Amino acid sequence: MIQLRPKLKNKKLIVISLLLLVLAVLLFPFAAFAGKYASLVQIFAIASAAVSLFILIKYVVPDYLYTIENGHFIIHKITKSQSVCVADIELSQAKTGLLTAEEYKNLNKSRKVFTFLKNPFSKEVRYIIFSDGCDEYAVQFETDDFFETEFSKILNSIENDEEE
């Protein structure tokens with residue numbers, strides 16, 4: 001069994017989220033002085049609060065645990081009090097190896113992408129494409145050097161077993 005649980009690398013997402021929340025709080029009283037543009041200011045305040053909450057809920061609060069075990073790639077979403085399995089994929093369904101963001105963009109085919117990231121701006125973000133027989137989908141996740149090397153070895157061994 002190989003596991004990886006990425007941690008938040010820098011505080012940029014937290015700072016962005018808090019700045020957007022402060023902006024929303026400051027814009028609501030300002031709307032009283034905005035005259036005929038008050039509704040526009042309030043919409044902007046609500047939008048900045050919504051984006052702030054989205055960043056917190058999507059990236060800051062949850063953690064992900066990636067596990068490779070018994071030919072399965074398993075992803076758990078971990079919050080403060082619970083762990084939920086959000087993906088359990090057979091590695092034999094993999095159509096590609098691990099792809100960088102640039103390699104994935106060069107494939108030029110649209111498909112559903114499932115994102116399980118803690119650090120969305122990280123250089124260690126990888127994609128892997130799976131097929132369930134009729135549809136292809138991609139899984140976006142983070143790696144480190146050890147996890148990426150071991151994951152690639154396992155994918156290669158599965159590919160070699162299928163060729164024999």
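1. What percentage of the 164 residues in the protein do buried residues make up? The share is 37%. The structure under review is a predicted model, and the points below should be read with that in mind.

2. Overall dimensions. The radius of gyration of the protein is 20 Å, whereas a compact globule of 164 residues would have one near 15 Å. The C-alpha trace spans about 75 × 35 × 25 Å along the principal axes of the protein.

3. Secondary structure. There are 4 helices and 7 strands in the protein. Along the sequence they follow the pattern β-α-α-β-β-β-α-β-β-β-α.

4. Strand β2 covers residues 63-69 and strand β3 covers residues 72-78; the two run antiparallel and are joined by 7 bridges. Within this pairing, Glu69 stands opposite His72 of β3. The hairpin of β2 and β3 has 2 residues between the strands, and Asn70 takes a positive phi near 50° in this hairpin. On to the next pairing: β3 is also joined by 7 bridges to strand β4, residues 83-90, and these two run antiparallel. Here His76 stands opposite Cys85 of β4. The hairpin formed by β3 and β4 has 4 residues between the strands.

5. The sheet of β5, β6 and β7. These 3 strands form an open sheet in the order β5-β7-β6, and the pairing is mixed. Strands β5 (112-116) and β6 (125-131) are at the edges with a single partner strand each, so one side of each has no neighbour in the sheet. From one strand to the next the twist averages 25°. Strand β6 and strand β7 (residues 136-142) run antiparallel, with 7 bridges joining them. A residue pair to look at here is Ile129, which stands opposite Ala138 of β7.

6. Helix α2. This helix covers residues 38-60, and Gln42 is found in it. Gln42 has a relative accessibility of 35%, and therefore counts as partly exposed, a class that lies between 20% and 50%. Val51 is also found in helix α2. The relative accessibility of Val51 is 41%, so Val51 counts as partly exposed too.

7. Gln42 and Phe114 are 72 residues apart along the chain, and a distance of 33 Å separates their C-alpha atoms. For Val51 and Asp132, which are 81 residues apart along the chain, the C-alpha atoms are separated by 33 Å.

8. The largest pocket. Which residues lie nearest the centre of the largest pocket? They are Ala94, Thr96, Gly97, Leu155 and Glu159, out of 12 residues that line the pocket. By class, the lining has 5 nonpolar, 4 polar and 3 charged residues. The volume of the largest pocket is about 190 Å³.

Technical notes
Residues numbered from 1 in each chain as written. Predicted model: local features only at pLDDT ≥ 70, side-chain atom pairs only at ≥ 80, totals over all residues. Heavy atoms only, no water. Pairing = 2+ DSSP bridges. Axes fitted to C-alpha atoms, helices over the stretch in contact; angles between N-to-C directions. 1 Å grid on protein atoms, 1.4 Å probe; cavity = no way out; pocket = protein on both sides within 12 Å on 5 of 7 lines; lining within 4 Å. Points joined across faces, edges and corners; volume = space filled by probe spheres on them. Nonpolar A, V, L, I, M, F, W, Y, C, P; charged D, E, K, R; others polar. Rg over C-alpha atoms; globule rule 2.2 N^0.38 Å. Buried < 20%, exposed > 50% of the residue type's maximum accessible area, 1.4 Å probe, protein only.
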